[in-house]
Amino acid sequence: MPAKEPKKSCMECNDAEFELTVRKRQLCSLCFRRFIAHKVQSRLSVYRAFGLDGPKHQLLLPVSLGVSSSVLMHILNSDRQNRLSNGRPLGYDFKILVIEPSTIAATGVPFDQNYEALQKNLPMHDITRIPFHSIFDYVPEVNDIMQEYAGSKFIDNSTQSNEERLAAFRASISTPTSRTDVDNILLTRLVVEFAKKSGCESVMWGDSDSRLAAKALAGVAKGRGASLTWQVSDGMSPWGVRFEYPLRDLFKAELLQYESVCAELSDIVIPDQPPSENVLTKNLSIDELMLRYVQNQGAKYPGVMANVARTANKLNPSTSDNAPTCSLCASLLGNVEGNSGVTVANQAEDNHSSQFCYGCMRSRPEKLC
Amino acid sequence: MAPTACFNCKEARAVIIRPKNRHKLCRACFISIFETEVHETIIGTNLFFPGERVAIGASGGKDSTVLAAVLKTLNERYNYGLDLCLLSIDEGIRGYRDDSLETVKRNAVQYEMPLDILGYSELYGWTMDQVVEQVGKKGNCTYCGVFRRQALDRGAARLGIKHVVTGHNADDVAETVMMNLLRGDLPRLSRGTSIVTSSDASDIKRSKPLKYAYEKEIVLYAHHRQLDYFTTECIYSPEAFRGSARTLIKDLEKIRPSSILDIVKSGEDMAALVPVEVRGAGKSKQSAEEESAGGCGSQNGRTSGGEMAAMEEQLAQNDEAESLETEIKLPNGSRVKPNRGPTGKAVKAQTIKHCERCNYISSQRICKACTLLDGLNRNRPKTAIEVGVGMEDEESSSTLMRQMERAQLSAT
């Protein structure tokens, strides 16, 4: 009986044995990594210099030590090493920013070992580590904004440490949706200010395709549809720093696969907490609900979910440059030009609407509706 | 426990928790606030002009009954000077329409408005029950939606009326926004939220004055004013994307009651951000369902998922084809990504033509209803053909026929 010879070689190089199946193709780990890296690099072609003397772009890569941003960092770093060793021009250089996870999440995950592993892995790199509450140092005006935003629910005590002040502000916001919403705004502002101070023109966010889809849906559900043009699309943010999402063509599952074939990442990445099963829908935040929705639906319809982020990416950024913006999140106040809807008029129940945008008004601690 | 005083008047006893913001209100304040909000919508968007003749698309369900009641009240209170009438469409769904049409007839008497009823069988030669018999229970909302859209326009034209108002509520609009986002349908995203729609393809203006009103508040309003309406759901299930969006919105409402309105706001803003060059574009033949289909009143997310699966397959194929493409780079100047700002492209205007079959206004050679009818009639035994069909449109109808055969096969 002739031995049954299963076809086991990689479909790309026809040489090595295949290890992973990605988008219906069986690849060896090397070709898989190359495939993923290509998807990322093609997104960054804007920053490639064509000559050795071309301008060198300075990028900021915020790393949460989660899977996605760590994979992005690994890909950028490998690319950098390759180019340097081959004497090819790089076109860009990047700095790494880690906002201490223990200062963001209430359940303080120890991350020191992961951070050390990161430093060890990228010894040549400019890596900075700052706590979340350093926002008071980086964005000095945030103090007044918080006071105005939270109203009487939050009384700032300047004798307290920054850490305590931030905690007090966050505690004044009552619902999980609003808390996550405001946290994300503050984190974005901190990253942006850091980028500006360190001379970076763009921020490379490590959001996977799945995460961008969830962000788009959550943004829409929170009345922030107009900000998708920089929260989900590549483009100029309101703060004059470009936002790029180089992982937008990759699913979360593929990034997990990448992590599994990169031994050096295992010490860096803090694994995701599995979603809790027994949480009532009404106690979830909208962001969490959308992440779950995209995850569940994505298992069956990955393309449809991926298409959500792609659709959002096709929207034109708002053209009204001089229009007043929200002092907290920098989104447009009122309606986008050309929108004659009266949702805003229907909601103008107090005078705060002059300073904060529709989405931020919804997340206020003392919101009236 | 002591009774809570009304949040608004601080006097009467609160009997309603407002779904939109959980304010506790007395009956009188709730009714007055609800009406005032609709009034503000009408004034804020310059919806009507004095002396305008307006047909209310009436189904006998809660939305259109409340719309008729509110418009009558506001018309008298604020002297809009509108000439209102009721226009009903009989889709021919046994057990669903018969009773609700009786309700509409009573409403006509209650509100002292003239009533006109038009049947699908009269207009198209097919009742919805017959359509379902033919195409199965999947995808029949497409037919119903397209037929109804035209039917209302035709009915209005027959009455010499240029403005039809429908009972679409905030939940319907939010659902449409989410659905179009999930479906990646930018052209519809650009027009689905607008309070006035379809001035392009028809000279009849359509609007939805209840666009910002929550479905739950409409029910409460109907209950507290003891309006006579017919409670039922369409017995056929919604399309998969709409079903998915509907489920999602129900969950969102549990988390943050305002999110329905927030989605409407997002939808309005995004509509203004859709690039001009894709706004007027049509969509693939699968998504023939127009936004108006959401008004059919079905509440459950019952769905087969067929449409999502089909799109998934399509996207996977696109992806595969893309990986086979060879990227050709221009030698110079192509490295800087062009600023995705407003492009100077000229807007491709939709040319308004008349359908070659029925002479109804259409942007295509054959209007959508006739295309659908074409497919239906092809499968009907020759002796039973009631609407004359030419043979010229071979291609589109055979595609449609194949689609329906597939639908029938998978339904069995």
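Visitor: Which handedness does the β-α-β unit of β3(A), helix α2 and β4(A) have?

Guide: To read a crossover, point the strands away from you; a right-handed one has a path from the first strand over the helix to the second that runs clockwise. Here β3(A), helix α2 (residues 67-86) of chain A and β4(A) make a right-handed unit. Helices (H or I, at least four residues) and strands (E, at least two) are DSSP runs, numbered from the N terminus. Do keep in mind that this is a predicted model, where local features need pLDDT of at least 70, side-chain atom pairs count only at pLDDT 80 or more, and totals for chains, interfaces and linings use all residues. Residues are numbered from 1 along each chain as its sequence is written, while chains are lettered from A and ligands numbered from 1 in the order in which they are written.

Visitor: In what order do the 6 strands of the open sheet in chain A stand?

Guide: Two strands pair if DSSP finds at least two bridges between them. The order is β5-β4-β3-β6-β8-β7, with mixed pairing. β5 (127-130) and β7 (235-236) of chain A stand at the edges with a single partner strand each, so one side of each has no neighbour in the sheet.

Visitor: How many bridges join β4(A) to β5(A), and how many join β3(A) to β4(A)?

Guide: Strand β4 (residues 92-99) of chain A has 4 bridges to β5(A), and the two run parallel. Between β3(A) and β4(A), also parallel, there are 6 bridges.

Visitor: How many residues of β4(A) are buried?

Guide: Count the other C-beta atoms, placed from the backbone, within 10 Å of a residue's own: 20 or more is buried, 12 or fewer exposed, and in between partly exposed. In β4(A), 6 of the 8 residues are buried, so the strand is largely enclosed by the rest of the structure. The helix α10(B) is also largely enclosed, because 12 of its 16 residues are buried; among them are B:F241, B:L248 and B:I255.

Visitor: What should I make of phi at B:K10 and B:N79?

Guide: Most residues other than glycine have a negative phi. B:K10 has a positive phi of about 60 degrees, and for B:N79 phi is near 50 degrees. B:K10 is found in the segment before β1 (16-17) of chain B, and B:N79 lies in the loop between α2 (62-77) and β4 (83-90) of chain B. B:K10 is exposed, with 10 other C-beta atoms within 10 Å; B:N79 is exposed with 9.
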